[in-house]
Amino acid sequence: MLSAASVNLLTVHSVARILSHEGGITDIEVLQAALLHDTVEDTDTSIGELQAIFGQTVSRIVQEVTDDKALPKHERKRQQVEHAPHASHQAKLVKLADKLYNLRDLNRCTPTGWSAERVQEYFVWAAQVVRGLRGTNPALERQLEELFKQRGVEL
């Protein structure tokens with residue numbers, strides 16, 4: 001059985017891989033941010049520590065895609081929808097790849113305790129986020145559109 005840390009490593013690697021292999025992204029700072037995108041949320045690492053090691057651009061991208069875990073879940077989700085259109089192009093790339101990974105993962109394996117209805121609700125919410133990211137990367141957006149179409153979710 002995989003540990004939570006192992007699952008997180010698979011996730012971050014997969015987000016960077018989606019960007020490079022499917023999105024055609026070669027910008028090293030975007031790829032570094034993709035590898036680090038959950039670091040602040042899932043560890044005791046601060047944005048300042050990321051900046052000291054990886055620089056201003058990478059830490060800014062990570063900060064843009066990091067949820068404030070102090071907020072209730074419904075507020076974090078609302079903020080993702082609200083902030084998506086205003087994110088930098090680099091942060092939008094990371095967010096697109098992360099949503100694509102998460103949705104594929106949900107199609108592959110429903111998390112313990114999740115009903116089919118909860119999975120569908122996640123797809124509907126993710127579509128709201130992705131709407132705000134449109135025009136960022138056509139290749140990734142086509143992949144997302146196909147997943148939403150399979151679920152009957154309007155993008």
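## Helix α4 and L50

Helices here are DSSP runs of at least four residues, numbered from the N terminus. In this predicted model, L50 belongs to helix α4, which covers residues 47-54. With a relative accessible area of 3%, L50 falls under the 20% cut-off and is therefore buried.

Beyond residues up to four places away in sequence, L50 touches L36, T39, V40, T45, G55, S59 and V62. Between L50 and I61 there are 11 residues in sequence and 11 Å in space, taken from C-alpha to C-alpha.

## The largest nonpolar core

In soluble globular proteins, nonpolar side chains tend to be buried together. The largest nonpolar core of this model has 41 residues, and L19, V94, L103, F123 and F148 touch the most other members. Two or more residues come from each of α1 (4-22), α2 (28-36), α4, α5 (56-65), α7 (89-108), α8 (116-131) and α9 (138-150). Helix α7 gives the most to this core, with nine residues.

What is F123 in contact with, leaving aside its neighbours within four places in sequence? The residues are L103, L106, N107, L147, F148, R151 and V153. R151 also places its charged end over the ring of F123, at 4.5 Å from the ring's centre.

## Helix α9

Helix α9 has 13 residues, which at 1.5 Å a residue should span 18 Å; its end C-alpha atoms are 18 Å apart, so the two values agree. Its buried residues are L140, E141, L144, L147 and F148. Seen down the axis of α9, these buried residues fall within an arc of 120°, and therefore they line one face of the helix. An α-helix has 3.6 residues a turn, so residues three or four places apart point the same way. On the face of α9 turned away from the buried side are the exposed residues P138, R142, K149 and Q150. Just after the helix, G152 takes a positive phi of about 70°.

Q143 is also in α9. Its relative accessible area is 35%, which means that Q143 is partly exposed. Leaving aside neighbours within four places in sequence, Q143 is in contact with E22, L100 and R104. Q143 and I47 are 96 residues apart in sequence, and their C-alpha atoms are 31 Å apart in space.

## Aromatic rings and charges

How many aromatic pairs are there? The count comes to three, for rings whose centres lie within 6.5 Å. In one of these pairs, W114 and Y122 have ring centres 6.1 Å apart and planes at 50°, so the pair is tilted. Ring pairs join W114, Y122 and W125 into a cluster.

Over the face of W125 lies K77, at 4.7 Å from the ring centre.

## Helix α6

Helix α6 covers residues 73-83, and E75, R76 and Q80 are buried in it. Seen down the axis of α6, the buried residues fall within an arc of 145°, so they line one face of the helix. The buried residues of α6 pack against α7 and α8.

Helix α2 holds L31. Is L31 buried or exposed? L31 is buried, because its relative accessible area is 15%, under the 20% cut-off. Not counting residues up to four places away in sequence, L31 touches A16, L19, S20, I25 and T26. From L31 to S20 there are 11 residues in sequence and 7.5 Å in space, C-alpha to C-alpha.

G132 lies in the loop between α8 and α9. At 14% relative accessibility, G132 counts as buried. Residues up to four places away in sequence aside, G132 touches A84, P85 and K92. G132 and H89 are 43 residues apart in sequence, with 11 Å between their C-alpha atoms.

Methods: Residues are numbered from 1 along each chain as its sequence is written. This is a predicted model: local features need pLDDT of at least 70, side-chain atom pairs count only at pLDDT 80 or more; totals for chains, interfaces and linings use all residues. Side-chain values use heavy atoms; hydrogens and water are left out. Buried means under 20% relative accessible area, exposed over 50%, partly exposed in between (1.4 Å probe, protein chains only). Contact means heavy atoms within 4.5 Å. A nonpolar core is a set of buried Ala, Val, Leu, Ile, Met, Phe, Trp, Tyr and Cys residues joined through side-chain atoms within 4.5 Å. The expected span of a helix is 1.5 Å times one less than its number of residues. The arc is that of the directions from the helix axis to the C-beta atoms. Rings of Phe, Tyr and Trp (its six-membered ring) pair if their centres lie within 6.5 Å; planes under 30 degrees apart count as stacked, over 60 as edge-to-face and the rest as tilted. A charge sits over a ring if NZ of Lys or CZ of Arg is within 6 Å of the ring centre and within 35 degrees of the ring normal.
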